[in-house]
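Have the model open while reading.

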Amino acid sequence: MMKLRDFGLLFALMALWGLNFSVIKLGVNSVHPLVLTALRFSFAVFPLIFFIKKPDAPWRYLIAYGLSFGVGVWGLTTLSIGAGVSAGMASLLLDMSVVSSLLVGWLFLNETITRNKLLGAGLALLGLALIMQADGGSVTGKGLVLVLMASVFWSVNGLIVKRANTKAIFAFNIWGMVFAPLPLLFLAVISEGAHVITELPNQFTSWTLFSVLFQAYPTTLLGYWFWNKMIMTYSVSSVAPMTLLVPVFGILGGYWFYNEPIEPSQVIAAVLILLGLFVGQMAMPKLSFLKRLRGDSCKKSTMF
C-alpha cells in the first residue's frame, strides 16, 4: 500500500507536470521554442553536473538520451506549442506514446503485445481521430505532427534507458541532458537564423526567466528525482497510473491561464485517450494476443 504522504506528493507532482505545459507556452510567447528548451536544460545541468559523478553507462547511451529526451521529446513538444497547439492538447497528445511504445517494445525489447494493450492503443487512436476532426482552434496541423513525433521519441527514450541498464538514474539524467542544449541551439539557428540567439537579450523578460527556471528545477530536476524514487519504492503498476493525471491538469491549466476552450469533442477525445492508457496498464492474463494467434495456427497445422 502506498503511504498517504507519498500519494499526496505524487498527486502534486502530476499537477506540476501538467501545469508545466502552460509555463512552456508562457516562455514561447517571447523566445523561440528551441532556444527556450536549450535554456531549460542548460539551467538544469549547470553547475550541478560538476558535483555528480558520471553514471556507469556508455557514452553512446548518454548522448542518445540527451538527443532523444532534450531534442526529440521536449524540443518538439515546445515547438508544437509555438506552432499553435494549446497547452492542454499538447499534454494530452504527448501521451499518445502508448501506441508507439507497443511497437518499440515489440520490435526492440521482445515484449509481448497483450489484448488489453491493443485495446488501449485502439481507444487512444480513436481519441486522436476525434482531435484531428475537431475545429476548436486548439490543434494545428503542423503542431499535431510535431507533438506526435515527440510522443514517439518518448517511447524511444524509454528504450535508451532500458538498454543503458544503469542504477544511477539521476546521474544518468544529468549527464544525458548535457548533450541537449547545443543541438537545440544549432537547430534553432539552422531553421530561423542567428538572430534567434543575438536578439535573445532583447526578448528575455522576467516571465521568460520564470518559465526557464520552472521547467529546469521543479519540473525536471525535482520532478524526475522524486518520480524515480517512487518507482524504486513502489511497484511500477502502482505508480505509473498516476501519470493519467498529467493531461487533466494540462487541460485545466490551459483553461485557467489562457482561457483555452474545452470543447465537448475534446473532452470525449481526452476520456478515450486516458481510458486507453488505463486499459493498457491493467493486469491481464500473461498469454499475449500474438502468442495466442501463433498457438492457434500451430494447432491447425498439426491437424493436416
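## A buried alanine

A residue counts as buried when its relative accessible area is under 20%. The model discussed here is predicted. Is Ala-44 buried or exposed? Ala-44 has 0% relative accessibility, so it counts as buried.

Ala-44 belongs to helix α2, which covers residues 33–45. Leaving aside residues up to four places away in sequence, Ala-44 touches Ile-174, Met-177, Ala-216, Thr-220 and Leu-221. Val-178 is 134 residues from Ala-44 along the chain, yet their C-alpha atoms are separated by 8.8 Å.

## The chain as a whole

The chain contains 16 helices and zero strands. It has 304 residues, and 47% of them count as buried.

How much of the contact set joins residues 24 or more positions apart? Among contacts with a separation of 6 or more, such pairs account for 90%.

## Helix α7

Helix α7 runs over residues 141–164 and has 24 residues. From its first C-alpha to its last it reaches 35 Å. At 1.5 Å a residue, 34 Å is expected, and the helix comes close to that. Asn-165 follows α7, with a positive phi near 50°.

Which residues of α7 are buried? They are Gly-143, Leu-144, Leu-146, Val-147, Ala-150, Ser-151, Ser-155, Asn-157, Leu-159, Ile-160 and Ala-164. These buried residues pack against α3 (59–82), α4 (87–93), α5 (97–108), α6 (115–133) and α8 (169–177).

## Closed cavities

Rolling a probe the size of a water molecule over the atoms shows where empty space is left. How many cavities of 30 Å³ or more does the count give? It comes to two.

The largest cavity has a volume of about 40 Å³. Its lining consists of Tyr-65, Phe-69, Phe-170, Asn-173, Met-177, Thr-220, Leu-221 and Tyr-224. Helices α3, α8 and α12 each give two or more residues to this lining. By class, the lining of the largest cavity has six nonpolar residues, two polar and no charged. Met-177, Thr-220 and Leu-221 line this cavity, and Ala-44 touches these residues too.

The second largest cavity also has a volume of about 40 Å³. Ser-86, Gly-88, Met-89, Ile-251, Glu-260, Pro-261, Ile-262 and Gln-266 line it. Here the residues divide into four nonpolar, three polar and one charged.

The elements that give two or more residues to it are α1 (4–28), α12 (206–233) and α14 (245–258).

Which helix gives the most to this pocket lining? It is α1, with four residues. The lining of the second largest pocket divides into seven nonpolar residues, one polar and no charged.

Definitions and conventions:
Residues numbered from 1 in each chain as written. Predicted model: local features only at pLDDT ≥ 70, side-chain atom pairs only at ≥ 80, totals over all residues. Heavy atoms only, no water. Buried < 20%, exposed > 50% of the residue type's maximum accessible area, 1.4 Å probe, protein only. Contact = heavy atoms within 4.5 Å. Nonpolar A, V, L, I, M, F, W, Y, C, P; charged D, E, K, R; others polar. Expected span 1.5 Å × (residues − 1). 1 Å grid on protein atoms, 1.4 Å probe; cavity = no way out; pocket = protein on both sides within 12 Å on 5 of 7 lines; lining within 4 Å. Points joined across faces, edges and corners; volume = space filled by probe spheres on them.
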